[in-house]
Amino acid sequence: MSASSMKSPMSAQVMQFSELLADLAVKDIKVWVEGDRLRCNAPAGALTAELRDQLQGRRGEIIAFLNMATAATTQPPAIVPLQSRGTRTPIYAVPGHVGAPSSFLDLSKNLGGDQPFYALQPPGFDGQSEPMDRVEDIAEYFARQIVEYQPAGPYIIAGYCSGASTAFELAQILGQRKSEVACVALFGPLHPTTYGEWPRRLYFVARAKAESFLHATAKLPTFSARLRYFGSRLREHFHALVRGSKEPVATDPVLASRALLKSTAIAAFQRYTPTPYSGRVCIILPNKAWLRSGAAPHRWLRVVPHAEFYFGPDDCNEASMLMEPDAPAIADLYRQATQKQND
């Protein structure tokens, strides 16, 4: 007997959506969509009253999930829908040099169910294709697929960290082709010149790590608890260094492909030179002090002197600004920017 079949009626009513789907799969219960109706086929005795109530109560949620899964099999490979419903101007967002579309999950969730949000997956992230070594080529790749997926604008183009450069170039390309870009939103953007200035970059990395540590320990109740946390992090870094000096390079193909993507993306970012842009640009920083960081966000004013700056709370830092618990505050900043545009 499965654990799910032992749930009480009350616990079945509050079953998580993922648990419900897993329970259906275990019991070989198949569901599909016909038009706007949810269909079901189940072996004899498998569809209990509790499961029937779950299917009825979550009919809309299941239909949306199945429709999204179907769309994912036919859409361009760069387009990853995090939220495909809603009537607001769709966001197409470029992740940082790691290339992970999932980095926008928390932000998308906090922007609400009426905000379509698509993350852009770069070539090489799937481990099958080769990464591109020029920002211009990556942006061109994204532009073709966005227009294929949504032929007419308006679009909102977003970018995070080093991905801001690709987002900026992507907006340039779409604008040159007469596609309407309502806004470019850059979240914690690094300026390409920062990687050529190692003292600034080292300062920025050290400060970001310190902020991350302070952020992580802020909720710990006592000084001794913070000291224990600090000691555990030191031990982790020490063991990582020891392992790194003694173990051979990992041969896992996924890890190897991600490492290649990261190094190629950083090289592309370093070579990129932004050019003037006349469209609307909103630069959303983790906090006001970040203006003086090694990321040099003020240098974007050289090519977009009219750029608008928005600042998160003082205890927010770039590494976690798109994740919980910081994502709600950053989502609010984005809404402020877009509401201002609509006023």
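In the predicted model, strand β4 (residues 91-94) pairs with strand β6 (residues 155-160) in the parallel sense, over four bridges, and within β6 the bridge partner of Val 94 is Gly 159. Strand β4 also pairs with strand β5 (residues 117-120), again in the parallel sense, over three bridges; here Tyr 118 of β5 is the bridge partner of Tyr 92.

Helix α7 (residues 163-176) comprises 14 residues and spans 20 Å from its first C-alpha to its last, which is close to the 20 Å expected at 1.5 Å a residue. This helix is mostly covered, with twelve of its 14 residues buried; among them are Phe 168, Glu 169, Leu 170, Gln 172, Ile 173 and Leu 174. The buried residues of α7 pack against the strands β4, β5, β6 and β7 (181-187), and also against the helices α6 (135-149) and α10 (253-271). Lys 178, which follows α7, has a positive phi, near 65°.

Across the whole structure, a search finds nine salt bridges. One of these joins Asp 28 to Lys 30, with the closest N and O atoms 2.7 Å apart; Asp 28 is partly exposed, at a relative accessible area of 42%, and Lys 30 likewise counts as partly exposed, at 45% relative accessibility.

A further salt bridge connects Arg 134 with Asp 137, where the closest N and O atoms are 2.8 Å apart. Arg 134 counts as partly exposed, at 38% relative accessibility, and Asp 137 is also partly exposed, with a relative accessible area of 32%. Together with Glu 136, Arg 134 and Asp 137 are linked in a network of salt bridges.

In helix α6, Arg 144 and Glu 140 are four residues apart, and therefore are separated by about one helical turn. These two residues form a salt bridge, the closest N and O atoms being 3.6 Å apart, and Arg 144 is partly exposed, with a relative accessible area of 47%.

Note on methods:
Residues are numbered from 1 along each chain as its sequence is written. This is a predicted model: local features need pLDDT of at least 70, side-chain atom pairs count only at pLDDT 80 or more; totals for chains, interfaces and linings use all residues. Side-chain values use heavy atoms; hydrogens and water are left out. Two strands pair if DSSP finds at least two bridges between them. Helices (H or I, at least four residues) and strands (E, at least two) are DSSP runs, numbered from the N terminus. The expected span of a helix is 1.5 Å times one less than its number of residues. Buried means under 20% relative accessible area, exposed over 50%, partly exposed in between (1.4 Å probe, protein chains only). Contact means heavy atoms within 4.5 Å. A salt bridge is a side-chain nitrogen of Lys or Arg within 4 Å of a carboxyl oxygen of Asp or Glu.
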